[in-house]
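Student: I have a new structure to look at, and I'd like to learn how to read its features. Could you take me through some?

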Amino acid sequence: MGKQQSKPSKPSKNNNSAPSTPSTIEHQKVYKPHNYYDPLPPPNSKIFYYKENRRYPNLNNVNYLYPVDDNESDRIQDHHYIYRYIWDNNFSAPVHDLLNSHGSQILDIGCGPATWTLEVATEYQRSRFTGIDIAPTYPIHTKPHNVEFLQANILNGLPYADNTFDYVFCRFMIFAFTLKDWEFVIKEITRVCKVGGYIEFMEKDIQFWNEGNFTKKARSWFAEELRTKKNVETIISPKIQQFISETKHFSEINHAERCVPIGEWGGNIGKFYEFIYKWGAKNLKKAIKDCGNSETDWDLIVDKCVKELSENNGYDKVHRIWAKKEEFQPDMESKVIEEK
């Protein structure tokens, strides 16, 4: 953690090429609920509250640290484009044939503005896609014919029968779940996934390579604050693998990672990622304030860390973890396969 002056593996494309995105870099069947499922309030209830012109979820059993407004939706979409570019695809699980088969059921957990759902559903029109989120920031009317959305909180249990979905996808949830939540979420995702189907996660640990002394101290402080005051773990990829293994449904767990440069040294992709990183960190102001710290100080810390990372040729890594569900075996031991 925090190794100095190491050299990252190259991204899947030339760092000096701009990511191909529609908005460019500038912006832009009814399932019977389980008896433990606690539905969200009706649409006319007050599911949001506002603080300093930002909108947050006003729901029980929700630990989400980011706001849920247009600003954050824009950031999530840009995040999507940069990672699609880094991976050169929208998923790593071997589900291409499955998605091309008629009637496959796909679930996107925490879909947000649904950029991933809409893109993949447009490409694979024979499959049926469902996106769920605690807040209705997804498009309600303008969407492909094979897409539906549901306002739901997975922490209250998914309103779907066992073995419903052929593929379950989940990403960008590091600041939404506590460690206890993650364990429950992975059990729920496993439950609704069919035997022979796939589950996949994509997350970024809060961890840097070639970080300077200031960034290392700030990152360590940030991780400890979130761990002790919000019960959020910032190095989550190993825990995801652990919780998948503990379900005893997966003999093999696949793990792949990609390095993402931060700053001008990484060309256009590095400059774009620096911008996204600042944006995301500063959107955590409320969480920082809840921990008893100044928002102004936080802005200065973020700026100094990003500057130091850029000067040191710093980078981080994004992780994808996927596995094929098998019949439950109480003595099953999972083997982790490191993919290139």
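Tutor: Gladly! Let's begin with a term: two strands pair if DSSP finds at least two bridges between them. Keep in mind that this is a predicted model.

Student: In what sense do strand β1 and β2 pair, and over how many bridges?

Tutor: β1 (residues 48-51) and β2 pair in the antiparallel sense, over 4 bridges. Lys51 stands opposite Arg54 in β2. The hairpin they form has 2 residues between the strands, and Glu52 takes a positive phi near 50° there.

Student: Which way do the residues of β2 point?

Tutor: Arg54 and Tyr56 point one way, Arg55 and Pro57 point the other way, and all are buried.

Student: Which strands do bridges join to β8?

Tutor: Strand β10 (residues 335-338) runs parallel to β8 and is joined to it by 4 bridges; here Asn254 stands opposite Ile337. Strand β9 (residues 315-324) runs antiparallel to β8, with 9 bridges, and Tyr315 is the bridge partner of Pro261. β8 is mostly covered, with 8 of its 10 residues buried.

Student: How do I read a helix?

Tutor: An α-helix has 3.6 residues a turn, so residues three or four places apart point the same way. In helix α3 (residues 115-123), the buried residues include Trp116 and Val120. The buried residues of α3 pack against several elements, among them α1, β4 and β6.

Student: Which residues have the most contacts inside the largest nonpolar core?

Tutor: Leu99, Tyr167, Phe175 and Ile244, in a core of 91 residues. Helix α7 (residues 267-282) gives the largest share of this core, 7 residues. Tyr167 touches Leu99 and Trp116, among others.

Terms used
Residues numbered from 1 in each chain as written. Predicted model: local features only at pLDDT ≥ 70, side-chain atom pairs only at ≥ 80, totals over all residues. Heavy atoms only, no water. Core = buried A, V, L, I, M, F, W, Y, C linked by side-chain atoms within 4.5 Å. Buried < 20%, exposed > 50% of the residue type's maximum accessible area, 1.4 Å probe, protein only. Contact = heavy atoms within 4.5 Å.
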